[in-house]
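Hi,

Here is the structure I promised to send over. Have a look at it first, and my notes follow below.

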Amino acid sequence: MFTLDPSVFDPAAATEETRAFNHDLSIRLAALPDQWSFPPQVVRERREQGLGPFPPPERSPRAVDRVIDGLHGPVKLRILKPLGEICGAFLHIHGGGWTFGGADLQDARLIELADRTGLIVISVDYRLAPEHPYPCGPDDCESAALWLAGPGSAELGVSRLAIGGDSAGANLAAATLLRLRDRHQISPFRAAVFIAGCFDLRLTPSARTWGSEKLVLNTRDLDMFVRHYLSHGHDPAQPDISPLLADLKGMPRAHFTVGTRDPLLDDTMFMASRWISSGNKAEIRIFPGGCHVFQNFGLSISLESNNLIDNFLRVSMQ
């Protein structure tokens, strides 16, 4: 059954480590210049230097970049193979509000996931808004998924596939599953991981009422991300844009996770309940005090959450 323990949402349920981290993060981000006062490319460059919510990226020498033919041109992929036996592949879609981020910015975690699960990780370097607004990003993810479900599986020697992403990447992962089902009549992925996804671009109550506190993400950030992504005027109520509003029948088993100090808390709870009510298998883990995409930071709850994700993928690939 889909049950939630009310005590999880009590602020006192968060560990001292988590509360101290959130306090320090809020102070640090409040002291930075307003990211919306810079062009997106400048913010991307600052994030490369660690001048944002996350530390500078560490790129792995084990990663291999390649390019495939997409629906509307080339699509870049970043491939990270496990050291041990290979049991399948995981299509990873990064977050960043459809505006920031890249396939090469999470190598450390993706290498960890690959080695722990035996999955080859393929991270999609989809085009970013506002230079390339909707539907460019989901088109590139659809292309990557079709490649992996077809020639990519043969090339990599795998048949068992999973998909997932965080924040905007979770949105794109869900949209990709729906596109494969509805446009191509295929369902090649047996499992999905959704980390703090944004599934309703009209903004759910927790997103609308969050306010200005900066724990990686706040309400203004969400408004600006949606504005960039839908700059050509598309309706946010379209299921391809807001998968929470889609027919979710026939989706793979899923692992949903989010922290209670995340503006996208409602998105995860609403989507998990709709996933299950549509006849799909799902599990949800909510972490007391966890900020947006807390899995990217060196916290005890991050280790626990990432371990649960890896275990879910291992079991799902059996």
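A term to start with: a residue is called buried here when its relative accessible area is under 20%, exposed when that area is over 50%, and partly exposed in between. Also keep in mind that this is a predicted model.

With that in hand, take helix α9. Its buried residues are Ile301, Ser302, Ser305, Asn306, Ile309, Asp310, Phe312, Leu313 and Ser316. They sit on the same side of α9, because the arc they cover around the axis is only 165 degrees.

Now the overall picture. The protein has nine helices and eight strands. Its C-alpha atoms fill a box of roughly 50 × 45 × 40 Å along the principal axes. For 318 residues, a compact globule would have a radius of gyration near 20 Å, and the 18 Å found for the protein agrees with that. Of the 318 residues, 57% count as buried. The exposed surface comes to about 13100 Å², and 54% of it is supplied by carbon and sulfur atoms. If you care about contact order, take contacts between residues at least 6 apart in sequence: 77% of them join residues at least 24 apart.

On to the cysteines. How many disulfides does a search of the whole structure find? The search comes back with zero. A disulfide is a covalent bond between the sulfur atoms of two cysteines. For Cys141, the closest cysteine sulfur is in Cys136, and at 11 Å that is too far for a bond. Cys141 is buried, at 0% relative accessibility, whereas Cys87 is partly exposed, with a relative accessible area of 30%.

Another cis peptide bond joins Tyr134 and Pro135, with omega about 10 degrees. Pro130 is in the loop between β4 (119-125) and α4, and Pro135 is in the loop between β4 and α4 as well.

Then there are the positive phi angles. Trp98 is not a glycine, yet its phi is about 60 degrees. Trp98 is in the loop between β3 (88-93) and α3 (107-117), and it counts as buried because its relative accessible area is 3%. Ser167 also has a positive phi of about 60 degrees without being a glycine. Ser167 is in the loop between β5 (161-166) and α5, and at 9% relative accessibility it is buried.

Ala168 is part of helix α5 (residues 168-184) and is buried, at 1% relative accessibility. Which residues does Ala168 touch, leaving aside those up to four places away in sequence? They are His94, Gly95, Gly96, Gly97 and Trp98.

Ser143 lies in helix α4 (residues 136-156) and is buried at 5% relative accessibility. Not counting residues up to four places away in sequence, Ser143 touches Ile68, Gly70, Leu71 and Val75.

Cheers

Key:
Residues are numbered from 1 along each chain as its sequence is written. This is a predicted model: local features need pLDDT of at least 70, side-chain atom pairs count only at pLDDT 80 or more; totals for chains, interfaces and linings use all residues. Side-chain values use heavy atoms; hydrogens and water are left out. Buried means under 20% relative accessible area, exposed over 50%, partly exposed in between (1.4 Å probe, protein chains only). Helices (H or I, at least four residues) and strands (E, at least two) are DSSP runs, numbered from the N terminus. The arc is that of the directions from the helix axis to the C-beta atoms. The radius of gyration is taken over C-alpha atoms; the globule rule is 2.2 Å times the number of residues to the power 0.38. Contact means heavy atoms within 4.5 Å. Accessible areas come from the Shrake-Rupley method with a 1.4 Å probe; for residues, only the protein chains shown count as cover. A disulfide is a pair of cysteine sulfur atoms within 2.5 Å.
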